[in-house]
Amino acid sequence: MYQQMIFVNLATDDVAASRTFFTELGYSINPQFSNDDCSCVVISDTIIAMLLSKQRYADFTKKEIADPTKTSEVLICLSAESREKVDELVGKAVAAGGTANDDVQDHGFMYGRSFEDLDGHSWEVMWMDPAAVQG
């Protein structure tokens with residue numbers, strides 16, 4: 001069965017530093033699609049983050065590139081398998097130079113936190129109790 005994928009393209013000021021940041025979070029880099037202007041971060045089999053230098057990013061759009069430290073361009077949310085995994089990933093992000101946001105969301109059946117990467121892109125991490133999902 002076909003698995004649709006998502007490729008999140010993000011502009012970065014420093015491809016090498018961003019590559020290091022995401023490997024410190026535990027993600028791998030696909031060298032086949034990475035070079036000095038781009039880093040292909042494998043988050044899962046179906047989720048890829050393409051970290052592009054601003055010059056390379058500009059090749060794909062005629063729009064002004066957002067400054068994620070000043071404007072919200074996108075909110076990226078990743079699921080986690082437990083509350084502890086939410087805290088673990090945010091902790092790794094902070095240890096790697098990211099910034100944790102203080103907006104913990106605890107609704108009992110759902111728990112989430114967020115962080116900003118080195119460029120200020122917003123990443124949310126959330127867990128939801130499978131028993132709370134109506135099937």
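**Entry 1: strands**

I began with S3 and strand S4 (residues 47-53), which pair in the antiparallel sense over five bridges. I took helices (H or I, at least four residues) and strands (E, at least two) as DSSP runs, numbered from the N terminus, and I counted two strands as paired if DSSP finds at least two bridges between them. The model is a predicted one: local features need pLDDT of at least 70, side-chain atom pairs count only at pLDDT 80 or more, and totals for chains, interfaces and linings use all residues. Residues are numbered from 1 along each chain as its sequence is written, and side-chain values use heavy atoms, with hydrogens and water left out.

I noted that S3 and S4 form a hairpin with four residues between them. I looked up Ser39 and found Leu51 as its bridge partner in S4.

I then turned to strand S2 (residues 28-29), which runs antiparallel to S3 and is joined to it by two bridges. Ser28 has Val42 as its bridge partner in S3, and Ile29 stands opposite Val41.

I wrote down the order of the open four-stranded sheet as S1-S4-S3-S2, with mixed pairing.

I checked burial, with buried meaning under 20% relative accessible area, exposed over 50% and partly exposed in between (1.4 Å probe, protein chains only). Strand S3 (residues 38-42) has four of its five residues buried, so the rest of the structure largely encloses it.

In helix H1 (residues 15-24) I listed Val15, Ser18, Phe21 and Phe22 as the buried residues. They are on the same side of H1, because they cover an arc of only 120° around the axis; the arc is that of the directions from the helix axis to the C-beta atoms. I found that what covers these residues includes strand S1 (6-12), S3, S4, H3, strand S8 (110-116) and strand S9 (122-128).

I next picked Val86, which is found in helix H3. Val86 counts as buried, because its relative accessibility is 0%. With contact set as heavy atoms within 4.5 Å, and leaving aside neighbours within four places in sequence, Val86 is in contact with Ala80, Tyr111, Gly112, Arg113, Val125, Met126 and Trp127. I also noted that Val86 and Thr20 are 66 residues apart in sequence and 20 Å apart in space, C-alpha to C-alpha.

**Entry 2: pockets**

I used a 1 Å grid over the protein atoms alone: a pocket is an open set of points where a 1.4 Å probe fits, with protein on both sides within 12 Å along at least five of seven lines, and lining residues have an atom within 4 Å of a point. Grid points are joined across faces, edges and corners, and a volume is the space filled by probe spheres set on the points.

The largest pocket has a volume of about 250 Å³. I counted 13 lining residues, with Tyr27, Ser79, Ala80, Lys85 and Leu89 nearest its centre. Strand S5 (75-79) and helix H3 (83-95) each supply at least two residues of this lining, and H3 gives the largest share, four residues.

For the classes, Ala, Val, Leu, Ile, Met, Phe, Trp, Tyr, Cys and Pro count as nonpolar, Asp, Glu, Lys and Arg as charged, and the others, Gly among them, as polar. The lining of the largest pocket has seven nonpolar, two polar and four charged residues.

The second largest pocket holds about 160 Å³ of space. I found Tyr57, Lys63 and Glu73 among its lining residues.
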